[in-house]
Amino acid sequence: MNKKAIKIWLKKRYVAFIPPVIYLIISFTGLAEQVAFVPDYLNLSKSNPSDYFGLVIGAIASILGILMAVVLLSVEFSKEKLVGNVNINPLDNHLIKNSLYNSVNLIGLSFLAYIEVTSFDTESNLTIGYFIGIYFMFYIFSVYPVIKEIIGKTSRIKENLELVNSLNLTAFKSVSRYRFQSGTVADDTLNKLQKEIDEYILTNKITSYEKINTQILGKVFTELGKGHDRDKCDIILGALTWIWRENAKTAVRVNDTNYFELVWNSVRDIYLYFAKYKIPLLHLQEIDLFVGFEFMKIQTSHNISLPFMTAIDNIELSFLANLYNNCPEENLLKDLNRLYDKNETIEHSIDLELQWDAIKNIIRILHKIQEAAIQLSDKDLFESSTRKIESICTNLFWQQNNVGIKQKSFLTWRTLVSSFYHSSEALKSGLYKNTLDSFHIPGTFIRDLIKNEEVDIRDVKVIITNLANYIIDAQKDGTLFVGQGYGTLVDFCGIGIHSLKYYQENKKARKSINYIIRVLQNLKKNIEKNHLPMEREVYLHLESRFKHFVKVAVDHDGFLENENPVKKWNKIIKTFKKVPEVEEREVVKWK
């Protein structure tokens with residue numbers, strides 16, 4: 001433990017050391033002999049020290065036992081009624097902490113005095129006796145506010161729980177956007193709860209407001225039931241977003257990021273509830289509108305980025321739960337099948353199409369988090385959301401599930417292309433200097449899509465062509481990163497190089513490789529036209545990529561050098577111009 005940590009530790013507990021220090025001064029210095037601590041008004045000198053100090057020890061032990069019983073009962077009540085199995089530390093309350101310090105001090109000092117003082121015939125012994133007595137009286141008076149605080153807090157929690165238990169549709173409607181409808185009965189229950197949560201936020205009582213919100217959410221689920229009544233869902237969830245909105249304003253004032261994480265966790269729980277009971281996600285529009293147009297804006301406008309990390313995992317869970325358990329079957333979606341087969345025989349169902357659109361919109365929240373990361377200049381957040389998008393797409397394809405191949409393919413190309421767009425925007429915004437960290441190319445996953453016979457070639461085309469366009473733009477802007485064996489260009493070329501083994505028998509592989517070669521030719525042409533020799537490093541790297549294609553094709557995949565496509569690639573290699581070495585700075589020698 002360093003000096004700074006020791007100072008902090010002592011600062012928090014200095015009150016506990018004051019009584020022992022006073023006792024040591026009285027007991028082991030000559031101060032008490034010269035100046036009496038207090039005149040012997042109570043004739044303490046005639047008392048028996050053993051009986052006196054024994055009485056103090058017994059009284060303190062009894063009071064301490066009562067105090068601990070009250071504390072433990074309060075904690076157990078809170079666990080049962082409010083916070084489930086969450087650990088509660090009673091020492092977080094400074095009154096309880098100080099009372100325990102005083103109890104230990106009094107018992108310890110009284111025991112020392114019991115051993116040390118055999119009679120009250122000296123000024124020192126008499127002063128010790130009065131000191132213990134005064135300290136004991138102070139302790140008695142200090143116990144009252146401790147018990148009052150504990151009982152008062154327990155009573156307040158009980159009142160809050162009773163308010164939550166009294167919530168009904170009328171209470172929810174009173175604060176929803178339907179409150180102005182004729183016949184609506186006024187009910188201020190949620191207003192009272194909102195103010196209580198505000199108070200907990202302002203006093204940093206995180207456990208209390210977390211679990212009150214959890215109880216409210218439980219009441220929401222009870223009122224929602226199976227979620228078949230859309231109007232009822234709108235009323236209840238609209239009221240829930242109202243209380244979130246109002247409490248979020250208070251959380252902003254005290255920079256309480258934990259409250260925003262609480263809301264993201266609640267959003268996840270609601271999505272999971274809808275997935276469990278297969279409730280139409282159209283009934284969730286109040287939550288969607290709040291999250292997309294208000295809640296995220298509150299965070300970005302006040303530079304609150306940390307809760308978005310919690311949001312990333314929660315959105316993944318929400319999306320996958322509804323995709324796997326609450327999604328229409330592929331062969332029932334007319335618009336989706338039109339994209340692939342131009343199948344007009346499927347009957348159009350508005351409800352199913354809306355459900356499919358709502359599921360697609362869940363994952364769009366991750367793209368909005370990417371936008372928020374750019375706005376907040378948070379690289380960790382941007383990279384975490386980008387990696388999560390890739391992880392979702394990968395797991396969607398390779399984990400066992402009942403999602404159709406067209407659904408998987410559509411979600412994959414649309415999600416990846418949108419992620420590439422935001423990577424480009426992050427680069428343009430100045431969040432990154434080059435493509436190395438802004439673009440994360442899921443090369444292995446794209447190669448697997450090429451190899452998968454079920455995946456339509458058009459899906460692969462959209463992914464690779466969009467990625468190529470951003471790479472070309474980056475080269476023109478001078479932000480394309482090339483490195484020795486790693487980097488954006490290496491990853492992009494790797495998609496084609498590792499697909500060479502499927503070149504002959506797989507049309508997707510053949511088309512993809514040929515397209516990548518044309519992209520490299522385009523980059524070569526642009527550099528030769530406008531950027532040579534400034535782009536010397538990229539130009540040389542392009543040449544090495546062509547040579548690598550030839551080497552892998554001939555040495556590992558059975559291609560012949562005098563046959564296409566290797567013959568064609570060799571011709572391209574021969575067209576590369578010689579780029580002069582960078583001239584070294586001329587040095588004038590010292591003579």
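Predicted model: local features only at pLDDT ≥ 70, side-chain atom pairs only at ≥ 80, totals over all residues.
Colleague: Take Tyr 539 and Phe 576: what kind of pair is that?

Modeller: The ring centres of Tyr 539 and Phe 576 are 5.1 Å apart. Their planes meet at 55°, so the pair is tilted.

Colleague: How many residues apart in sequence are the parts that this pair ties together?

Modeller: Helices here are DSSP runs (H or I, at least four residues; strands are E, at least two), numbered from the N terminus. Tyr 539 lies in helix α22 (residues 536–556), while Phe 576 is in the segment after α23 (566–574). So the pair ties together parts whose separation in sequence is 37 residues.

Colleague: Is Phe 576 buried or exposed?

Modeller: Buried means under 20% relative accessible area, exposed over 50%, and partly exposed in between (1.4 Å probe, protein chains only). Phe 576 has 9% relative accessibility, so it counts as buried.

Colleague: And which residue lies over the face of Phe 576?

Modeller: A charge sits over a ring if NZ of Lys or CZ of Arg is within 6 Å of the ring centre and within 35 degrees of the ring normal. At 5.1 Å from the ring centre of Phe 576, the residue over its face is Lys 524.

Colleague: Over to α11: where is its kink centred?

Modeller: The bend at a residue is the angle between axes fitted to the seven residues ending there and the seven starting there. Helix α11 has a kink of about 45°.

Colleague: What do the buried residues of α11 pack against?

Modeller: The buried set in α11 includes Glu 286, Phe 290, Val 291 and Phe 295. Contact means heavy atoms within 4.5 Å. The partners of those buried residues are α9 (230–253), α10 (257–276), α12 (306–325) and α14.

Colleague: Which residue takes a positive phi just after α11?

Modeller: The phi there is about 55°. The residue is Asn 303.

Notes. Residues numbered from 1 in each chain as written. Heavy atoms only, no water. Phe/Tyr/Trp six-rings, centres within 6.5 Å; stacked < 30°, edge-to-face > 60°.
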